Amino acid sequence: MNKPLPMLPLNLGLMAASPQAGALEGGYRLPPAALLEIVDAPRAPALSLSPQRNLAAVVQTPPLPGIAEVAQPELKLAGLRINPRTCSSSRFSFGTDLSLLDIATQKESRIRGLPRALRLADLSWSPDQRHLAFSHVAYKGERGAVELWLVDIAARKATRLSSQPLSAVLTRGFNWLPDGSGLLVHWRPAGIGKPPQSDGVPFGPIQQDSEPGGSMRQLRTYQDLLKNEADARLFEYYVTVQMVLLDLHGKARPIGVPGQYSRTSIAPGGEYLLTQSITRPYSYIVPASSFGERIDVRDLNGQLLHTVATLPLEEGLPPGNDAVSEGVRHVSWRADAPATLVWTEAQDGGDPARPVIDHIRDLVYMHAAPFHEPPLVLARLTMRYAGIAWGRSDVALINERWHKTRDYKQWMIQPDHLSAPPELIYAGSYEDRYSSPGSPVMRADACGFPRLLIGPDTTVLLDGAGATPEGDRPFIDRLSLTTRQKVRLFQSAAPYFENVAAVLNDEGTLLLTTRESPTERPNYYLRDLSKPEHKQLTALTNYPHPTPQLKDVGKEQIRYPRNDGVELTATLMLPPGYDPARDGPLPLLMWAYPQEFKSAGAASQTTGSPYRFNAVSYWGPAAFLAMGYAVLDNPSFPIIGSGDDEPNDTYLSQLVADAQAAVDEVVRRGVADRHRIAIGGHSYGAFMTGNLLAHTRLFRAGIARSGAYNRTLTPFGFQSEERPFWQAPEVYQAMSPFNNADKIKDAMLLIHGAEDSNSGTFPLQSERMFQAIKGLGGTARLVMLPNESHAYRARESILHMLYETNAWLDKYVRHAKAT
């Protein structure tokens, strides 16, 4: 139940062949030394706060894994990627050290007995804080296992809890019991034998049906799906687990028989077990998350007590971003009751276009053990259920939202007094950042379940980003749920950006924060609001600047207008020591990602902060400051569809207007030459890059990573587009840069992970786009990174990506001449 605190931001020439070399060139290449240093910069640890909020587990973040790690055997089954050596989901980065930090004294202590070559995957504090459980991925030759280890906090000592390996394909494989006396674990079943092997002889023809009279369904384009019955049997083998109760001495008590459990959770009272298990039939067109499920309540011996729902295979949803599954969804335990189930059910069959009675779209139900009486209606919602924050018998906060209008509401309800009407706490647009009230502060209770931190006179704490026209200023407010009055307890102030990582006491006066400035890396601090302001801060960590050679880069948050008056923002970054008056314009790399909005006002709001650390990461464009480029990072590229208008109906004209405004602004400022600007982006940003090269001559080159370029290959929607191709064929055709490849006159570099698992961005998209440009006589280069998914993970892949990007920019941008 204890989630780790967010990891602090990562702040992290050998040129061989020409980027125009042909298929004979091979091997990974290294970028210039200035880029290599950024990749190998030291990375900050991750912290996980204890339930009593006086200790933190410190997990050391290792360097990037090598390609040998990323190239391990991997099974692709039902939308999952499985490491068959370890019977776990594929992952390639692990914690390499674990220690404990005392918040009050700022002292860090070592833990004895950690496994050699620690590869920490997941960790979790016990509710009573006496222990810390973690999983360690152990390799022994060609074999491997996920081991469960236990840290005795008082003794500062770690021991392996069980010799039987965990199964961590669908879950992390372990969860604490509410009283901290042991754990509920998922074991690899003893005696399960070896995985089923296909003999290559087909079981029979692959058959799929579509019944007559069916309604329209959205069928997204997924990768890694089951292909035949042999795949289905292999899938069943790897998702079958044995539930076990494991005490703190390693004594095990199996719960029932092995099954295909996708989720298990013990009720706060510790007497009941909620299980969700995958059922046949399977599908060849949707992943495991859409397979049928049986949701049951069992006792701790595995005996079935109550069936909550039997859900069928679901091959697609009705059209629309507000579409949901028909029937029971979001089943969970009520956090502030011993054993009460809560779930929601759509009253429109999950179809947002279907009319409903009294405008009620979702009903939220509550059902208390022993489940003999009918369930009670907890809430009636006119929009879609968006979660609940539990407090106590008379206080819970329930949320609802509607994507089509961006409307959002929060209500206070009294779970044990259902006759009391709900009280509206907040209503507004969730894309309006300036008006956002923040999120309620939660903390783990004695059973490890998240609960509202409720203060005197029914007040709660709100943690918000604090978006303003001058940038984000994070805050903590105390809100009275009875009077609706707010008191601001803390707000970040210039010249620092300070974000609240955790509230450490009930009064909200002791905070764990991360604090940074443009030249100071984020570090953790204690802020005691009860003290005079100049004595409030105590440093907990002192991580040095990861890239001191780039400490003095210039950064400015800029605003500029689009031709229709929409205000846009961007972060302009300049190399250390650069003076535009003295040094003149630079070649510039612009890196963006379009976003859809329902109002021009929301699209014009400032994002980011001028006081954030000038982080130079290998992943974004800032790395090229080291090569003497100016960088325009995250410029606003809003696509606005006000009222009943769909944003994508005017996508191209708005996209071009966004780009034109950004180019005009950097040229006006004298930091860039109009003829030496490159555009780049990842995923939807790569799609944007293709369109801007096809429909403008604003850029001399484009860098497109892991994109999609032919929207007819994603015919049931993409990004926020909710209309299928057949309802808006002209939009799909016009927005596809593949259809306009003949108009691309400037150089386009396409980089793609050869094993991309992201929905819609098949590697085929980049391959076909490259073939189109090449066949039409355009200038393009295609780089497929072996064993990489949608984001690239291996050090060799990252270095090669930087090598290719630098060579491309050097050839087509740095020395470009005005035409």
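These legends accompany several close-up views of a predicted model.

**View 1. An open sheet of four strands, β20 to β23.**
Let's start with the sheet, whose strands follow the order β20-β21-β22-β23 and pair in the antiparallel sense. Strands of a sheet pair through backbone hydrogen bonds, either parallel or antiparallel. Which strands stand at the edges? They are β20 (328-333) and β23 (376-381); each has a single partner strand, so one side of each is left without a neighbour in the sheet. From one strand to the next, the twist averages 20 degrees. To follow the pairing residue by residue, look at β20 and β21 (residues 340-346), which run antiparallel and are joined by four bridges. Ser 332 is a handy landmark here, with Val 342 of β21 as its bridge partner.

**View 2. His 359, in the loop between β21 and β22.**
Staying with β21, this view moves to the loop that lies between that strand and β22 (362-368), where His 359 has its place. His 359 is not a glycine, yet its phi is positive, at about 65 degrees. Most residues other than glycine have a negative phi, and most peptide bonds are trans. Is His 359 buried or exposed? With a relative accessibility of 62%, His 359 counts as exposed, since the cut-off for that class is over 50%.

**View 3. Asp 457, in the loop between β31 and β32.**
Here is another positive phi in a residue other than glycine: the value for Asp 457 is near 60 degrees. The loop that holds Asp 457 runs between β31 (454-455) and β32 (459-464). Asp 457 is exposed, and its relative accessible area is 65%.

**View 4. The cis peptide bond between Arg 280 and Pro 281.**
Omega is about 5 degrees for the bond that joins Arg 280 to Pro 281. To find Pro 281, look in the loop between β17 (273-279) and β18 (292-298).

**View 5. The cis peptide bond from Ala 494 to Pro 495.**
For this bond, omega is near 10 degrees. Pro 495 has its place in the loop between β34 (486-491) and β35 (497-503).

Which side chain makes a polar contact with that of Arg 527? The partner is Glu 498, and the contact is 2.8 Å. Leaving aside neighbours within four places in sequence, the residues in contact with Arg 527 are Phe 490, Glu 498, Thr 509, Leu 510, Leu 511, Thr 513, Arg 515, Gln 536 and Leu 537.

**View 6. Strand β43 with its partners β40 and β41.**
Strand β40 (residues 567-574) pairs with β43 (residues 630-633) in the antiparallel sense, over three bridges. Strand β41 (residues 586-591) pairs with β43 in the parallel sense, over four bridges. In β43, Val 631 is the bridge partner of Met 573, while Leu 632 is the bridge partner of Met 590.

**View 7. Helix α6, residues 651-668.**
The 18 residues of α6 reach 26 Å from the first C-alpha to the last, close to the 26 Å expected at 1.5 Å a residue. An α-helix has 3.6 residues a turn, so residues three or four places apart point the same way. Buried residues of α6 include Tyr 651, Gln 654, Leu 655, Asp 658, Ala 661, Ala 662, Glu 665 and Val 666. After the helix comes Gly 670, with a positive phi near 80 degrees.

**View 8. Ser 797 in helix α10.**
Ser 797 lies in α10, which covers residues 795-814. With 0% relative accessibility, Ser 797 counts as buried. Beyond its neighbours within four places in sequence, Ser 797 is in contact with Tyr 28, Ile 67, Leu 785, Pro 786, Glu 788 and Tyr 792.

Definitions and conventions
Residues numbered from 1 in each chain as written. Predicted model: local features only at pLDDT ≥ 70, side-chain atom pairs only at ≥ 80, totals over all residues. Heavy atoms only, no water. Pairing = 2+ DSSP bridges. Helix = DSSP H or I, 4+ residues; strand = E, 2+ residues; numbered from the N terminus. Axes fitted to C-alpha atoms, helices over the stretch in contact; angles between N-to-C directions. Polar contact = N/O pair within 3.5 Å; in protein donor to acceptor, adjacent residues only side chain to side chain. Contact = heavy atoms within 4.5 Å. Expected span 1.5 Å × (residues − 1). Buried < 20%, exposed > 50% of the residue type's maximum accessible area, 1.4 Å probe, protein only.
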